[in-house]
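Here is a friendly walk through one protein model, written for someone who likes to keep the structure open while reading. Have a look at it first, and then follow along below.

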Amino acid sequence: MPLPVLYSLRNCPYAMRARLAIYTSGQQVQLRDIVLSNKPPEMLSASAKGTVPVLITADGLVIDESLSIMQWAFSQTDPDDYLNKSMPNSLADMLAVITIFDNEFKGHLEKYRSSKRYHEPSLIQDRQQCERYLTDLESRLCLHPYLMSDKPSLTDLALMPYIRQFARVERQWYLQSPYPNLRQWLNRYLQSRMFSKVMSQNPMWLDSKQQIVFGKDS
């Protein structure tokens, strides 16, 4: 049976979280890296949204939302129990946290990044809007090493790309910021073998048509 196909963009946080889940769950896919200025017709015919990630499963199912791809991966195999199946309501609790960051934090983060890029006078206010959400994460990480409990979960993988983006906006400020547990949490991921694998640079698929197998054992 052919492997699922994943259309991806290396630094897109949504594509990154999809790759994190695929790698962590032990799944394998054919990875097709693209640029948004040159979208493959095959991807557009599968998903008219024209954004990444897009997963086409071996039986032809198209999944074009990052969180749905993550849940698909862990529904196939979840050797380290990232869905916390043994805990009642755990998935609902994880999805609630992720939804807040997807629907609220991401917009504030984009304003903050834009303010820094264009030297807007609202930079500090935009950063402070983001900090409302970081304070909650720091409080969680005071209680245990991961966002939901003593072990990593879907929430950690889903939010990490956002926090990575935040940390890069004002690097010196971030390093001195009052979020030591959040910094330690992020560094644990950034320095991991998993992250280096997930962020490997590959030839653009439209240029090479090379089949790249991505996954934990690739």
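## A sheet with an enclosed strand

Strand E2 is largely enclosed by the rest of the structure, because five of its six residues are buried. Please keep in mind that this is a predicted model.

What order do the strands of the sheet take? They run E4-E3-E1-E2-E5, forming an open sheet of five strands with mixed pairing. E4 (62-63) and E5 stand at the edges with a single partner strand each, so one side of each has no neighbour in the sheet.

Strand E2 covers residues 28-33 and pairs with E1 in the parallel sense, over four bridges. Its pairing with E5 is antiparallel, and four bridges join these two strands as well. On the E5 side, Val29 has Phe214 as its bridge partner.

## The nonpolar cores

The largest nonpolar core has 56 residues, and Phe101, Phe105, Ile163 and Trp185 are the members that touch the most others. Helix H6 gives the most to this core, with ten residues. A second, separate core has nine residues, including Cys12, Ala15, Ile34 and Trp205.

What does Phe101 touch beyond its neighbours within four places in sequence? Its contacts there are Lys106, Tyr133, Leu137, Leu159, Tyr162 and Ile163.

## A buried arginine and an exposed cysteine

Is Arg17 buried or exposed? Arg17 counts as buried because its relative accessible area is 1%, under the 20% cut-off. This residue sits in helix H1. Leaving aside neighbours within four places in sequence, Arg17 is in contact with Ser66, Leu67, Met70, Ile98, Asp102, Leu157, Ala158, Pro161 and Tyr162.

Cys142 gives a contrasting case. It lies in helix H5 (residues 123-143). Cys142 counts as exposed because its relative accessible area of 54% is over 50%. The C-alpha atoms of Cys142 and Ser200 are separated by 32 Å, and these residues are 58 apart along the chain.

| Pocket | Volume | Lining by class |
|---|---|---|
| Largest pocket | about 200 Å³ | seven nonpolar, two polar, five charged residues |
| Second largest pocket | about 170 Å³ | three nonpolar, two polar, three charged residues |

Among the 14 residues that line the largest pocket, Tyr14, Thr51, Val52, Pro53 and Glu65 lie nearest its centre. Helix H1 (13-25) and helix H3 (66-76) are the elements that give two or more residues to this lining.

Which residues line the second largest pocket? They are Asn11, Cys12, Pro13, Arg113, Arg164, Gln165, Arg168 and Val169. Helix H6 (residues 154-169) supplies the largest share of that lining, with four residues.

## Backbone details

Most residues other than glycine have a negative phi, and most peptide bonds are trans. A few spots in this model are worth a look with that in mind.

The peptide bond from Val52 to Pro53 is cis, with omega near 0 degrees. Pro53 belongs to the loop between helix H2 (41-46) and strand E3 (54-56).

Asp81 has a positive phi, near 55 degrees, and is not a glycine. You will find Asp81 in the loop between H3 and helix H4 (90-117). Lys209, also not a glycine, has a positive phi of about 55 degrees. Its place is the loop between helix H10 (205-208) and strand E5 (212-215). With a relative accessibility of 48%, Lys209 counts as partly exposed.

Terms used
Residues numbered from 1 in each chain as written. Predicted model: local features only at pLDDT ≥ 70, side-chain atom pairs only at ≥ 80, totals over all residues. Heavy atoms only, no water. 1 Å grid on protein atoms, 1.4 Å probe; cavity = no way out; pocket = protein on both sides within 12 Å on 5 of 7 lines; lining within 4 Å. Points joined across faces, edges and corners; volume = space filled by probe spheres on them. Nonpolar A, V, L, I, M, F, W, Y, C, P; charged D, E, K, R; others polar. Core = buried A, V, L, I, M, F, W, Y, C linked by side-chain atoms within 4.5 Å. Buried < 20%, exposed > 50% of the residue type's maximum accessible area, 1.4 Å probe, protein only. Contact = heavy atoms within 4.5 Å. Pairing = 2+ DSSP bridges.
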